[in-house]
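Keep the sequence and the coordinates side by side as you read.

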Amino acid sequence: MKLNRLLILVGLLSLLVVSCEDPNNWGYDVNYDRMYRPIHFETVEEMPTSVIVSFTGVIGATKYVFEFSEGDSLLFNNIVRTDTALVDTLTAYKQESTITATEYRVLFEDLHGTSRYSIRIKGVDDLTGKESGWTPLCFDTPAEQIFTQVVPGITSATLQWNVEKEATNIRYGQLMSNADTSLDPDTIWIGDHPLTDVELQAGQLIISDLQIGTNYVAQILNDGILRGTYNFRTLGSATSTLIKVMPGADINTVLANAAGTAEAPMDVTLAFEGGLSYEIDEIVIPEGIGNLYFSGNIVNGKNPLLKMSKFTFSAPMRNFYVQYMDILSNGGSQFLIEIGNGNCFTNITFEGCTVSDVPRSIIRMNSTDAMAESININNCILKNIGLSGYGLLNIGKVGTLNSISITDCTLWEIGDQIIDLRVALSEFEFSNCTFYNNVTSIPKMFRLDKQPKVIIVTNCIFSGANGGSKVNSGNSDYSGWLSYAGCYVTSDMVVDSKEFTDAISLEYTSDDLFVDPTNGDFHFKPELKFEGEGVAGDSRWWIN
């Protein structure tokens, strides 16, 4: 009996010893002795040559390693770069109570535009050699744009780009449709030009032998990598009669000889040579002209100069374009264009021009018989306009007028108002303009007696001492429907009772902002680091 009890006690003790061992004390594979990978990893902003990524921390990591593979989707078959971020150099973008919830952000530069990248991250502990697993993602960089501008001619174009960006060649082709913003799949490529050292240093290439009034596309590349795309249209009309005008020629006689009939009007392009001066008083457009282009070929950066008083239209016509001409009023007429007497147009357009010294308005419409689809002023410098009143544009009475746009322009010493609009419009746009009045007093920017159905006023800069006078944003209180969001007002332009609703009031003057505004240099001072650079104002001043 005692022996049996002894055996039972030994057995119980054996069971007790076994039951006290750790049930989770399993063996492990050293190949899987690693840290947890980042829980969160995503792109915050994809730019043409850079990306900002966001990720959460890894417990025990002393650094984070990033690998980039170009041209694949999470395959990582083409590793093109490896970057490291040390933990003690990182600042938390969003600090949380745990490292695994704390967010960090890192900027990576020197990427290629229009490219697909796979990127992955892992945490590493340099003290133990432990690593986390990879966390991957895939993204596409948008198209890069190193072209700064393209200046079209009648049968040529001047391409300009950022000289600090590497490039090897420019190819160009004809767009076979009216594609304005995207590449036409039926593009006919007609040239591929290797860039010379001289062209690279200047950041400029002139391409010739183009066709008049035709849509083209240019691409700038660096060893096969696309760095910029620019669509442009040569001046004039492809269906027009092209006439080269010599200084001293009688422009009215030239037009009369080119005109057709009222039943069969002619399209005409008058070509003027840059750097040359032309002088005439009144230009009379005769009956029998359907579409008329005054087009200037830029030579050594200079437009043709046309000294005149006004344009007069003898009969209705379709489109009237003034392209890359410098027009200097001789003061013989209060208005450069006055539309009345039943004249009608599809479009009236000024593009790439400098127009100066017009006593009152560039365009005046004051007849219920006058009709036009649109008035467009783009990429122009407008100086000393309306000093005798009426403002840059004066629209008193019309039969029909659908839209007015003033875009990418510099307005310098403008009197009375930018526009006096007393009729209803479908759309009015005033965007990316630099306005500067130093000695001229303008009491209000806009007189809008009737609210346009659509109104866009944005990305503009309003500046200058305004002749020592205060200025109103409008003739009345338009704050309920007119916003100046995205616009800036310098401190030397003192605002009266009608404020620039939603505009940003700067703490510095126009002299602080611009290089030399008194003499017409509206480039931004680089040391100022203006927040609107590359976004606000006339884009010609973004180019240094």
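Which residues line the second largest pocket? They are T49, S50, E109, D110, L111, H112, E144, K165, E166, N222, I225 and R227. A pocket is an open set of points on a 1 Å grid over the protein atoms alone, with protein on both sides within 12 Å along at least five of seven lines; lining residues have an atom within 4 Å of a point. The model is predicted: local features need pLDDT of at least 70, side-chain atom pairs count only at pLDDT 80 or more, and totals for chains, interfaces and linings use all residues. Residues are numbered from 1 along each chain as its sequence is written, and side-chain values use heavy atoms, with hydrogens and water left out.

The second largest pocket holds about 300 Å³ of space. Such a volume is the space filled by probe spheres set on the grid points, which are joined across faces, edges and corners. Its lining comprises 6 charged, 4 polar and 2 nonpolar residues. Here Ala, Val, Leu, Ile, Met, Phe, Trp, Tyr, Cys and Pro count as nonpolar, Asp, Glu, Lys and Arg as charged, and the others, Gly among them, as polar.

A cavity is a set of grid points where a 1.4 Å probe fits but cannot get out. The whole structure has 1 cavity of 30 Å³ or more. The largest cavity contains about 40 Å³. Around it stand V245, M246, P247, G248, A249, I251, Y278, E279 and I280. That lining splits into 7 nonpolar, 1 polar and 1 charged.

Next comes the packed interior. A nonpolar core is a set of buried Ala, Val, Leu, Ile, Met, Phe, Trp, Tyr and Cys residues joined through side-chain atoms within 4.5 Å. Buried means under 20% relative accessible area, exposed over 50%, and partly exposed in between (1.4 Å probe, protein chains only). The largest core has 77 residues. Those with the most contacts inside it are F294, F311, F350, F430, M445, F446 and F462. Apart from it lies another core of 21 residues, including F41, A61, Y117 and I121. Contact means heavy atoms within 4.5 Å. Beyond four places in sequence, F350 touches residues including V322, I327, L336, V355 and C380.

What about disulfides, and how many does the structure hold? There are 0, a disulfide being a pair of cysteine sulfur atoms within 2.5 Å. C353 is in no disulfide, and the nearest cysteine sulfur, that of C380, is 4.7 Å away. C353 is buried, because its relative accessibility is 1%. C380 is buried too, at 0%.

Is D538 buried or exposed? D538 counts as buried, because its relative accessibility is 1%. D538 lies in the segment after strand 43 (521–524). Strands (E, at least two residues) and helices (H or I, at least four) are DSSP runs, numbered from the N terminus.

Two loop residues close the tour. L506 sits between strand 41 (504–505) and helix 4 (510–513). L506 is buried, with a relative accessible area of 9%. Its C-alpha is 5.7 Å from that of S491, 15 residues apart along the chain. N438 lies in the loop between strand 35 (434–436) and strand 36 (444–448). N438 is partly exposed, at 25%. N438 and T518 are 80 residues apart in sequence, yet 7.3 Å apart C-alpha to C-alpha.
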